[in-house]
Each structure stands twice: as C-alpha cells, then as structure tokens.
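Colleague: I have a few questions about the terms used for this model. Please set each value against its cut-off.

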Amino acid sequence: MKTKTILKSLILFLFCIAKGNAQEILTIEEAMKIALENNFEIKIAKNNSKINETNVTIGNAGMLPTATASVTDNNSITNSSQTRQDGTTTSLDNAKNNSLNYGVSLGWTVFDGMKMFARLDQLKELQKLGDAELKRTILIKIAQVNSAYYDLVQQQQQLAALDTTIVISNQRLELAKNRFTIGKASKLEVLNAQVDLNSDQVAMLRQKESYVNAKILLNQYLARDPKIDFKVTDQVTVDDKLIFADLLDLAQKQNPGLEAQIINKRIAELQLKQVKADRYPVINLTSGYNFAESQSSLGFTSEASSRGLNYGFNATLNIFDGFNQHRNEKIAKLQIENSQIAIEQQNLILNTQLSTAFQTYLTNIELIGLEDDNEEIARQNLSITLDKFRIGTITTLEFRTAQLNYVNAKVRYSNAQYQAKLSEIALKELAGNISF
C-alpha cells in the first residue's frame, strides 16, 4: 500500500511538471519589458512628455514674426439717388457696388523686456517636468509589476506547500484505513483523517483562486488579455546588501517627486522674470502689402484701385495700471517661496519614507533567516512525527499538529521573502533606482 501511495504521488508530480511545461514561463525582466511597451498610463505619460517637448520652440516663446494674409470682398445691389449742390438729381435702380481688398501683413515683436527669452526657458523646464512625471509613472508601474509578480511567486510557493500537505494527508488517510482494516485503529481515526484531507483540499482551492486572480491583476498591469496563462519563476531573490546612506544619496539626486519640486521652483522663478518684463516697453515692427479695388455704378468715381507697401513700428509702455504690476510681482515671489517650502517638505517626506522603509527592510531580512530555520525544524519534526505515526506511537492530533506546523512554516518563510522583496522594491522606487 505504501508503494501504491508513492506511485500516486510520483504520477501527480509528473503531471504537474507536464502541465507547467505547457505554460509560458514569464520572467520579471520580460514582465517589465511588456509593461513598458503596453501599460496605458505609461503610454499616456510618454505622450504628455512628447507634448511638452513639442512645445519647446522659439515660435511658441514669441520670438518669431507672424505673417497674416487677408481677403475681403463686399458686393451690393441698391436703388440709389443723389442730389448735388447745384440741385441736379441723379438716380439709378439696381446699382451695383463692390470692393475688394487683399494683402499680407507682417508683425514682429523685437523687444518685450526679455519676456520671450524667459518664456523659452520656462518651456524647457516644463519639458523637464514632463520627463520627471514620465519617470515617476514608470517607476510606480514597474514597482506595481514587481510587487504583483513576486506575489505570484509566493502564492505559487504556497500552492506547492499545500500540495505537499495534501500528499501527506492522503498518506495519513491510507494508513488510517489500513490500521482500521487490521483492527489497530478506530473508525474515528479514519474519519478525522478524511476531514483533515478535505480541509486541506478546501485550502488548496482557495489558494488556487487567489493565484488565478493574482495572474489576472498582473496581466492588467501588463495591459494584455486577462485570460493569458503563464507561470512565474519559483524563487524570490532579495537584495540584502542595500545601504541607507547610498539610497538617501540616490534619492536626493533622482527621486522624481523631489526633482519635480525643484523644477517647479525654477518655473516659478522664470514666471517672475516674465512678470517683471511688463515694466519695460514693448516694441513691434509692422509691415504689409495691400491691394484695394472698388467699383460703383453711381457717384463721381466709378472705379478706384490702390496697391502698395506699408511699414512702421509701434511701442507701448505701461505707465500706470492700478498697481497691478506690483501685485503680480508680489504674487510671483510668494509662488517662488511656496516652491522652496514644497522642496523642503518633499525632502522631509522622502527622508521619512526612506527611514521607515529601510527599518522594515532590515526587519524582513532578519525574518527570512528566522523563518528559514523554522521551516527546517518543522520539516525535521514532521519527518520524525510521520515515522512515529506509521508505527502508531503518537496520536493523530499530534501528527496533524506537526503537519500544520510544517505547512505554516513554509507559508511564513515564503511570506517573509515576499515582504522583504516588497521592502526592497519600495526603497529602490524612492531612490529612483529600480532596474528596468
């Protein structure tokens, strides 16, 4: 009977291998690559970054001239009468009148207090802000993909642990039946073994449900069909060499949230420059070539036309605007001050998040070692308990306790690895240093 049980377990194991080989093995590197190509939020952030890049032109900053073409054609049919100074009267029904004007005009602001140059610099900073937002979106999404991926790994490990306990429960049931058959055990022992096996199978079904739902979630992050089936690797590799000082230094240099606040301050400073530019005169050059033609059925002039070049300049200077200039400059300075406060706040938040995440990381790294030892102890305890159970020197309750201790130890070890990996991912996200 023991040989029969081992044979069943071997067949089940080979079946699982065959089923696993039929599925795609998705590595974390492949998952991140798919997310970078497919994820909707990353696509939107990329397009927004391209919009900001497209806006960086000297024309958008107001440095280039503008040319405008215009055509105006007016026609009328009227009944007209005219009385001249000498008393004579002239009248005409259905008198046709038309006028045609067309031409090209050119305008160019050659000086506006250097506002256009500040505007161009501001557009460049907005492009950098868009790049920082794109980086932030990518980091968030890649962190989500990593978390979902390694959640699948640990759930897969838990499935393996539950599969092991079902094999053991089946062996226990077979032993109980054999002992009952030869009169060495009661029917109660068989029933207890069957109940425990059923409980293990229920737990397996629940775990399979969680596993499938986790796959669907990862497929969502990868922006692909939720029904796509795949397997993940069976190991969680945790980087246990992270150093807080190095992470803090990286965060100060490349955390996208902090980077965005620094850029916002620069944008506010350039906005102040544009506001101050309104104190200076604005000089515009104007030029154009126009053609005009008119025809009238009644009057002294029946036809008239003109064409020619016009040119000139105009200059304006704000002398008094109800103190609005002073108010606008004061507001712009306060916005710069707010930007500096936001940088200091972001620095504090970043340091706090890093410190908290690093302490959690250290704890989880230590827990991995403890849970690894616990799993080994529980495995040895189960092996000894199983041998004793076969010869009938321990109760079914003691055996079940050892069995559950082993399963729980494997689950805790798997969870400890997963939590440590989450801590690693969180730290690298804050440092802007997730590899992808």
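Colleague: Where is M114 found?

Modeller: M114 sits in the loop between β3 and α4; helices (H or I, at least four residues) and strands (E, at least two) are DSSP runs, numbered from the N terminus. The model is predicted, so local features need pLDDT of at least 70 and side-chain atom pairs count only at pLDDT 80 or more, while totals for chains, interfaces and linings use all residues. Residues are numbered from 1 along each chain as its sequence is written, and side-chain values use heavy atoms, with hydrogens and water left out.

Colleague: Why does M114 count as partly exposed?

Modeller: Buried means under 20% relative accessible area, exposed over 50%, and partly exposed in between (1.4 Å probe, protein chains only). M114 has 47% relative accessibility, so it counts as partly exposed. M114 also has a positive phi of about 70°, although it is not a glycine.

Colleague: What makes A223 partly exposed?

Modeller: The relative accessible area of A223 is 21%, so A223 is partly exposed. A223 lies in the loop between α5 and β4 (230-232), and its phi is near 55°, a positive value in a residue other than glycine.

Colleague: Why are α4 and α5 called roughly antiparallel?

Modeller: Helix α4 (residues 115-181) and helix α5 (residues 187-221) pack at an angle of about 165°, with their axes 8 Å apart. Axes are lines fitted to C-alpha atoms, for helices over the stretch in contact, and angles run from 0 to 180 degrees between N-to-C directions. Angles under 35 degrees count as roughly parallel, over 145 as roughly antiparallel, 65 to 115 as roughly perpendicular and the rest as oblique. Therefore α4 and α5 are roughly antiparallel to each other.
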